[in-house]
Structures are given as C-alpha cells and as structure tokens.
Amino acid sequence: MLKSLVASAVVAACTIGGIVAVRQASPAYPDYGAINARLYDPSPAARKEAVTEMFQKADLPATRALLSVARENDPVVLGNLDFALLSTRDKSSLDWLTTEGLTYPERWTRYYAVRTLWKQQGREALPRLLPLLAENYWQVQIAILDVLAESEDFSQATDALGAAASPGKNWEVRARAIRLLGRTNSASAARALLDKALPSATGPPDPEADRAVEEALSSMTDPESLKVVAEGLGSSDLSRKLLAAKVLGRAKSAESIAKLKEFGTDAAAPTPLRIAAIRAVLLAGGEDGAAYAIKALNGGEAAIRLETAYALAETALSPAQKEEVKVLAGKETDWRVKQALQIAAGER
C-alpha cells in the first residue's frame with residue numbers, strides 16, 4: 001500500500017511538473033476578452049473603436065476575432081472591418097488565411113481568405129482559387145469571380161466559369177460567370193455558355209438566363225466562337241435556333257446570312273424563327289439585308305409583317321428603299337404595320 005501511495009505521488013508530481021514546463025515553454029495566449037466584448041457592443045461607434053484596437057494587436061488571435069464579426073451590418077463599422085482584415089501585415093494571419101482560411105467552414109473567413117490571397121499573389125493565385133469556384137458559399141464565389149475579372153486572365157477559367165454559370169447556382173453568381181465567359185471570347189467559352197449556362201430543353205424556361213447568354217455570345221468577336229453559335233441553326237431545339245439567329249444577327253455574321261435567309265422565307269418554319277431570321281439578316285446584311293426584309297413585307301402573316309416593319313423602322317435605309325417602303329405603307333391595311341412603315345420611310 002505504502003509503495004502504491006509513493007508511486008502515485010511520484011506520478012502526480014511528474015504530471016504537474018510536465019504541465020508547468022509546457023506552460024512555461026508555450027507562448028501565453030493573449031487575453032483580448034475586453035476588446036472582443038466591445039466588438040458586439042450595441043453602439044456602432046464603440047464597435048468601430050474596438051475593430052481599430054483589435055487590428056492594432058496584429059496577430060492571428062486578433063484576426064480571428066475580427067473575422068468572427070464579419071457579418072457586421074453598420075456600413076461605417078463594416079468599412080473599418082474590411083480595411084483592418086485586408087491591411088494586416090501579420091505573417092501568422094496571412095499564412096493562416098492563405099492556407100486553412102480558404103476552406104474554413106465559415107463563409108466570411110473564406111471570403112477574406114480569397115481577397116487576401118489575391119492581394120498577396122495576384123494572377124499567381126488563380127490556379128488555387130479556380131477549383132474553389134464551382135461549389136462554395138455564393139459570397140465566396142463572387143469574391144473569386146471579382147478577382148478573376150480584375151485579372152483579365154481567362155485562359156484557364158472556362159471550365160470553372162461554366163460550372164458556376166450552370167442552373168441551380170445563385171443568380172448573381174451565374175450572371176457574373178456568364179458575363180466573364182463572354183469576355184473570354186473563345187470557342188470553348190461559347191460552348192460552355194450553350195452547354196452549361198442555358199437551361200436544358202426539358203427543364204423549366206429561364207428567360208433571364210437566355211437573355212444573359214445572348215448578351216454574352218453577342219459580345220464575342222472571335223470567328224471560332226461564332227462558328228460554335230452557328231451550329232445552333234441546325235439544332236432540333238427551336239430555342240437554340242432562335243438564340244443562334246439573334247446572336248448571329250447582332251454579331252453581323254456575314255457567313256450565316258444565307259442560312260438565315262432560308263429560315264426567313266420558309267413558310268413551314270415557326271413564326272418566331274422566321275421573325276428572328278429576318279431581323280438577323282437585316283442586322284448582318286447591310287443594304288442587301290434591308291432589301292431582303294422589304295421583300296418579306298409582301299404578303300405573309302400579319303405578325304411577320306409587323307415585326308419586319310418594326311425592324312425596318314430601327315434601320316438606316318437608303319433613299320430608294322425609303323421610297324419603296326413608303327409605297328408599301330400606302331397599300332398596307334393593318335394600321336400598326338402602316339404606322340411602323342411610315343416611321344421607316346421617314347414620314348413620321
């Protein structure tokens with residue numbers, strides 16, 4: 001029994017000695033309790049002062065404390081907080097943010113980690129950021145898209161942008177990704193817009209996405225991109241045909257005019273497609289396109305004549321073409337078509 005008691009006492013003494021030694025060897029964890037409490041003070045002025053005071057501590061515990069209140073709603077306090085988190089020069093904070101911070105479970109930590117890494121490394125940060133784009137908090141996705149836009153380096157970003165632009169993502173994220181794909185101006189980006197950003201043919205309609213993709217594709221000037229768009233003219237999906245006709249017209253694709261004319265004069269083609277094709281020929285074909293559109297006014301459906309007349313009213317016509325339109329306006333029986341033709345002829 002005595003031996004057991006002695007042995008226990010020795011073990012206890014060694015344990016206590018070990019704890020003391022460890023405590024003496026480890027750096028003391030700073031006590032920022034009072035400042036931290038003021039970060040949650042009801043007064044915005046007090047919170048702003050606390051942010052400044054915590055920032056001046058310039059270590060990782062202070063940075064982590066500031067990150068914990070990044071949901072701040074007061075714009076003045078938030079501005080001070082944003083400045084503090086992006087201005088730290090503390091190496092331990094920068095090292096943690098640009099490693100563990102990028103995948104930390106809390107969204108605002110990831111957000112500031114992205115911005116810190118960009119500030120530290122610039123374009124060299126993109127290979128680490130792009131894989132984090134497809135699946136993340138939407139605020140973090142926007143931070144990545146913002147730095148990508150600032151970099152103007154889209155050479156390796158097509159796949160990541162296509163994933164971010166796909167249906168089901170936050171709309172602001174999708175819209176930004178779609179715009180950046182347009183700025184990428186490449187055949188692969190055009191294909192990503194068509195295959196990833198648009199809703200599926202069997203899914204619910206999404207007019208907002210359709211418009212955004214049309215704008216992005218229409219902004220492209222690369223000939224190979226327009227070839228990808230032109231493939232849509234042969235699609236069995238009417239929405240793809242319509243999109244292709246609109247984009248090729250706005251892009252003034254001379255190579256597509258012949259095919260568009262076929263659609264415009266095909267009585268068996270759906271009316272929306274015929275209208276889109278006529279408008280596209282008018283936009284892309286110059287004076288010849290205007291002549292084609294004027295011919296489309298002779299007979300045919302009222303809807304086609306009306307939309308063609310509207311399109312002509314938005315187009316600069318030659319004097320001879322204006323006279324031709326004036327004659328047609330005099331014969332027109334539909335008052336809406338007549339009015340649009342009179343505007344096109346310069347009579348109103």
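This report describes confidence, helix packing and selected backbone features of one protein model.

The model is predicted: local features require a pLDDT of at least 70 and side-chain atom pairs count only at pLDDT 80 or more, while totals for chains, interfaces and linings use all residues. Residues are numbered from 1 along each chain as its sequence is written, and side-chain values use heavy atoms, with hydrogens and water left out.

**Confidence.** The mean pLDDT (the predictor's confidence in each residue, from 0 to 100) of the protein is 89, and 91% of the residues reach 70 or more. The pLDDT is below 50 over residues 1-27, a stretch with zero contacts in the model beyond near neighbours in sequence; contact means heavy atoms within 4.5 Å. Helices (H or I, at least four residues) are DSSP runs numbered from the N terminus.

**Helix packing.** The axes of helix 14 (residues 223-230) and helix 15 (residues 238-250) come within 9 Å and cross at roughly 150 degrees. Axes are lines fitted to C-alpha atoms, for helices over the stretch in contact, and angles run from 0 to 180 degrees between N-to-C directions. The two helices, helix 14 and helix 15, are therefore roughly antiparallel to each other, the term for angles over 145 degrees. Leu226, Val229 and Ala230 of helix 14 meet Ala244, Val247 and Leu248 of helix 15 in this contact. The residues of the contact comprise six nonpolar, no polar and no charged; Ala, Val, Leu, Ile, Met, Phe, Trp, Tyr, Cys and Pro count as nonpolar, Asp, Glu, Lys and Arg as charged, and the others, Gly among them, as polar.

Helix 19 (residues 302-313) has 12 residues.

Most residues other than glycine have a negative phi. Two exceptions are tabulated here.

| Residue | Phi |
|---|---|
| Glu152 | about 55 degrees |
| Asn185 | about 55 degrees |

Glu152 is in the loop between helix 9 (138-151) and helix 10 (158-164) and is exposed, with a relative accessible area of 55%. Asn185 lies in the loop between helix 11 and helix 12 (187-197) and, at 26% relative accessibility, counts as partly exposed. Exposed means over 50%, and partly exposed lies between the buried and exposed limits.

Notes
Angles under 35 degrees count as roughly parallel, over 145 as roughly antiparallel, 65 to 115 as roughly perpendicular and the rest as oblique. The expected span of a helix is 1.5 Å times one less than its number of residues. Buried means under 20% relative accessible area, exposed over 50%, partly exposed in between (1.4 Å probe, protein chains only).
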